[in-house]
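Please walk through this structure one part at a time. The text begins with terms and then turns to particular helices.

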Amino acid sequence: MPLERPTFHEAWYRVADLKARLSTMVRVSRQTYRGQVWYVLENVSSNEYFRLNRGAYWFVALLDGRRTVAQAWELCNQRLADEAPTQGEAIQILGMLYANGLLYAEVPPDTQVLFKRYKQRISRQVQGTLMSLLYLKVPLLDPDPILERWTPIVGRLFTPLGLVAWLILVSIGLWTAVGEMAELVASSREVLSFPNLPLLYLAVVVAKVIHEFSHAFACKWFGRANPSGGQVHSMGVMFLVFVPVPYVDTSSAWVFRNRWHRAVVGMAGVLAELAIASTAAVTWVHLSPGVFKAVCYNLMFVASASTILFNGNPLLRFDAYYVLSDLLEIPNLGQRANAYLGYLVRRYLWAIRPIESVAYSASEAVWLIFYGISSFVYRVYIFIRIILFMNSRLPQGLWFIIPVMAASGLAGWVLVPAGRFIKYLLTSGELAKRRAWAIVSSLSMICAILVLIGLVRVSDPWPIDGIIEPNRQAVVYTLADGFVQEYLPSGLDVQPTEGVIVRAVNPQLESQKGQLYAQLRRLQVQRQIAQTEEVALVQILDEQIQAVEEQIQRVETDLANLELRPPVPGTWISPDIDKIRGLYLQRGQQIGQVASLDDLVVRATAGQDVAAMIVQQADRTVQIRPRGYPQYLLEGNLAQIWPAGLTSLPSAAMGMRAGGKIPVRPDDPNGIVAAERVFQVLIEPVGQWPQVLRPGHRVVVRIYMRPKPLIARWWTRALQVFQKRFQI
Amino acid sequence: MRDPRPAWASGAKGQIPQGLDGLWARGLGVIAALRLTRNRLLRHTKCVLALEQRYNSMTDARLRQEIEDLRVAFRLGRDTYEDWYKAFAILREVAWRQIGQLPYPVQVMGGWAIASGAVAEMATGEGKTLTATMPATIAGWRGRGCHIVTVNDYLARRDAEWMEPIYRFCGLQVGYIEQGMGPADRRAAYAADITYCTNKEVCADFLRDRLLLASKGGQPSWLEALLGGKGSDGRLVQRGLYQAIVDEADSVLIDEAVTPLIISSDTGDSQQVEAFRQAADLVCSLSKGLHYQVDMEQQDVELTDEGIWRLQELTAGWGGIWRIGRCRNELAVKALLAKEIYGRDKQYIVDQDKVVIVDDFTGRLMPDRQWRDGLHQAVEAKERLEVTAPKETLARISFQRFFRLYRSLAGMTGTAREAVGEFWLIYGLPVAVIPPNRPCIRQYWPDVVLTTEQAKWAWIVREIAKLNKIGRPVLVGTRTIRSSEFLSNLLAKEGIRCQVLNAIRHKEEAQIVSAAGQLGQVTIATNMAGRGTDIKLGRGVPDLGGLHVIAAERNESGRIDRQLFGRCARQGDPGSCQAIISLEDELFVRYASRLSSFVKLRYGPTDRNIASPLTSTLVALAQSTAQRRAYRLRKAVIRMDHWLDEQLSFAAEYL
């Protein structure tokens, strides 16, 4: 029947004559969520909670053990009309209450079903445990007495004064951390290294113990104002990804009347962790390197990272999520958000009828849509980030964790939902009429996505690091020994034809020149004499004259070389030129450079992984982004690639030691020899470059590879991650 | 000797395995079927036949002595293969001596399969009644009773009386249950070693017993007995469900499986009765398309928002149930269903100012059944009949569930192999295909497919006239009473006399059907009329080519088509069959509307036969869609039952 809520149910006869009533173990509290009245039934003995709407509660409340179920239902219908539960709903309510021991009916219990249910519960627990081995909980002790004793003291932290103190502490911590950002980031490289792991774990345990106790104390503190008293009776160890960490059960806070109390209890852990992180940051700054400093660093890392990324972030289902869900008065926010998105598809895309909206009001719907989408995106994002982070930081020995994590993420978020979706598409009863359309639309959606990532070619930019260099550049060496007499100051533009950069004098050469000329003259005279007297001597003298002339030539050149001229046009750069005045410079000494500062190029380095692609498929035009000047987006042309594979970097700035991306050899003191061979790529600029860019400036060069589908791009990048990891 | 059925398929609470469990269960099914391959059964049969010499010379007294020994072995549950061989051999001999029929080897094979807890697929006319005596006797010897479930009262009685000599010789008592029997007779019949009954009677008796037990506080009967309660024991008619052999297993266990059997009482709620009448008037002022939409494929009616609004407007100021929006819409939808979907002489007929349901599957009248949830009342209101008060359910169980309660179950039918998976997954029954005694020489004439209904009937009349001229008997199977009457009118115009079968009295039906093989006879029957009765060919008929069967429509399952075709060419007789269908048949309209309208467009209006591979595909598609939908529905019913059990575990274990 195409009815949203059919009034009658075929199995009604089985409950109609039953006389049932609520068990004495039930405590009822009335709560308002987003303007809707709900009744929360609490099973005092098992600490479980159920929520009934008004109609359902009316029906249940009418069951007093004297009326039959049928009578109660009739009464309900008379009073509430449409709001009254249908027979089917009534059966469901009764079944749920009974299954949880909240309903008392005078019938002999069905032992078979009881045992079956027990078995089911056990097997579900086992299943649940296996499925969530990642979140296994082992209760160990009852912390209530300890909490009872200390709450009056510790609880004061949850007062306005405590809040002020907390704010001050956290501000100081934040201030400190921002000041030391660079070092903080640099130290994070070591966080997942083997020697640090025990410290890290210690930090996790300390942070979590304080976190959990903070919850517990908050619960006890605010519980004093509530009739339930905020009992905290269960504490133990939770295996979070196989790593044991402590936990405390503070679910009794859920029935607090004041929702801000519930919120503070929920956020207490996060607040405490932020306080820890701040304290640790301040301590860390003031300590000299050592174990204790490392402990502080780890503590800070754990407490802040876990807060910002997980517990304090409502997009993941941790503390803040529950608080947000409570404050928004939308219970099960996450599940309902997903259900609502599904509902939208089913209702508007597939036009399934009858269908009941998941949202109770328009504003709730907005929240559900917003939350559903943003939490999904964030979850995927954070998951990929964590995997990449761990991939770059985890020691080789623990690398196996990454594929395990990736596989479990893939299974949990892709394969299982996909399987469920396919099953739903093929077998769901509600799709009976629209199955064809639902399948067609889903398939076309999938096809569209596949085409988008598998066929549509998009440009594929690869960023590599580069450094700006002058196009022409010549080092100026002294060509002859001499005393510096005159020189050009650094920074002037020079041309090879005009001007002398450095003029030196060498008196020794001058006198040598004089001597040689005198000697020459003597020899020429002797030769004239010999021509007439002794012809045989002429030949010898000729040779001597020639030798002297050669000497003169050399001295002349040396003298000319005392005047250094710029080898290429450009700017004369010699920062220390002032120090050479009057100095005696020996031949071959470097005194400066001439470089073309208005004619710059970029020299970039690429690892072997990228170089092959650059050679084969790069577009000649590239984009250049100078670091520190986000406003400039420059263009360039690929000029030349040296594929031979060099190990020396164009600049130490590109090596890892100086903050670049390329790993350098540890034994090289200058940090300029790359650990692996790198390729150098020369890029010529297009158009005029802004004046601020000088040689030595670091840039990111985006090289556009041949456009290819996203899937091919992801595949190459994934391969490269592997290759890097395994040095293939 | 007998393997117990798998856990999931026995008892009311077993869950149908799903996912990986389902695969595993199917695997087990394949293994279970391996025990019942033709070769294995043949091997056992050879061992049985080898003992023939030994027993055919024995005196009756000596034979009785042998039987007594065997009975002890079976009673104690210490039977071996050796005992089974002896039992089957003795039973053949007894059958020969008592009723003059010596079971064929294929009947022994079938009997063996049934005794091993399987569904034996034996072609119609292979002597299933006799076959069943062998496993039934063995079950009788075990001493816990055996129900042989037949499709109608007439057959129950006929078979019981027919086979009684065999059972009596074997030291067993036989009883049968008939409609209208008193509790004392029923009790006596159930107390017999072997009870012939119909599925409806046995199930209804079970429910009545359960109600009786429920009134005693819902204790299981054994607990009651332990507590010394004699009160209910004296009034219960059944003594427990131990073994059942289900004849026509596919129709009982599959086609009718989800039909619930309901025991109800009148509520006498006059306010509601009035509301139904008002609703019937009310919906006349709603217009199709604007206020509601009709989905013939799903047999559904849907109110539009406009319609809901209009209803509210129309009923403004009305009191009682009309004030509740949900109930108001519900009443209107019921009235619309009655108006748009449920047609007179199609889904129901009006007989003596009463609405009588016509079974969709069998075309049979169901005078004691009512539609649920007010639909029946809505139809009555539409027909301006006296609206009966809605009945209040006291107890209900689906046949599916009921038969799963048997400790051991077996079946026989003419058509089972299409439903192997379902037999196994739901009932834990493997299927054994038993070859016919004599090879079948049935001729399948190619289908005739026509575009319009009109052309179809014309074609059928021509075909019948042609065959009638030469004197060949013809049996036409139709799906609905209306079409069978329509056809008989057409034939009357042509001057052809015919017998129409759609009555309720099984005995006469059986007689007419058995006469359908006479020279020059034309019989029109709804699908399953007279099942279980042999159509013997009259003198001279085999020379003309035997009985010819015409299916005037394809059925929702190929299985049922096969049943109809199986009525000719039995036991090696000659015979032929043909389906003459049109694109306007309900099968296509409901299950392949798009493709069929495409085909119609392709051929245009024509009176030609348009049979082609395309139309065969169309039939296959429609039938598989129908099958899938029906199977899904049956699974949903089981799942629903389980859900209810979970939900209602506190309420009534006793149903």
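Helices (H or I, at least four residues) and strands (E, at least two) are DSSP runs, numbered from the N terminus. This is a predicted model, in which local features need pLDDT of at least 70, side-chain atom pairs count only at pLDDT 80 or more, and totals for chains, interfaces and linings use all residues. Residues are numbered from 1 along each chain as its sequence is written, while chains are lettered from A and ligands numbered from 1 in the order in which they are written.

Chain A has 20 helices and 22 strands. Of its 728 residues, 26% are buried, meaning that 20 or more other C-beta atoms, placed from the backbone, lie within 10 Å of the residue's own.

Helix α4 of chain A covers residues 87-99. Its 13 residues, at 1.5 Å a residue, should span 18 Å, and the end C-alpha atoms are 18 Å apart, which agrees; the expected span is 1.5 Å times one less than the number of residues. Among the buried residues of α4(A) are A:Ala90, A:Ile91, A:Leu94 and A:Tyr98. Just after α4(A), A:Gly101 has a positive phi of about 70°.

In chain B, the axes of helix α5 (residues 81-99) and helix α8 (residues 153-169) come within 9 Å and cross at roughly 125°. Axes are lines fitted to C-alpha atoms, for helices over the stretch in contact, and angles run from 0 to 180 degrees between N-to-C directions. The contact (C-beta atoms, placed from the backbone, within 7 Å) involves residues including B:Val94 and B:Ala95 of α5(B) and B:Pro165 and B:Phe169 of α8(B).

Conventions
Buried ≥ 20, exposed ≤ 12 C-beta atoms within 10 Å, placed from the backbone. Contact = placed C-beta atoms within 7 Å.
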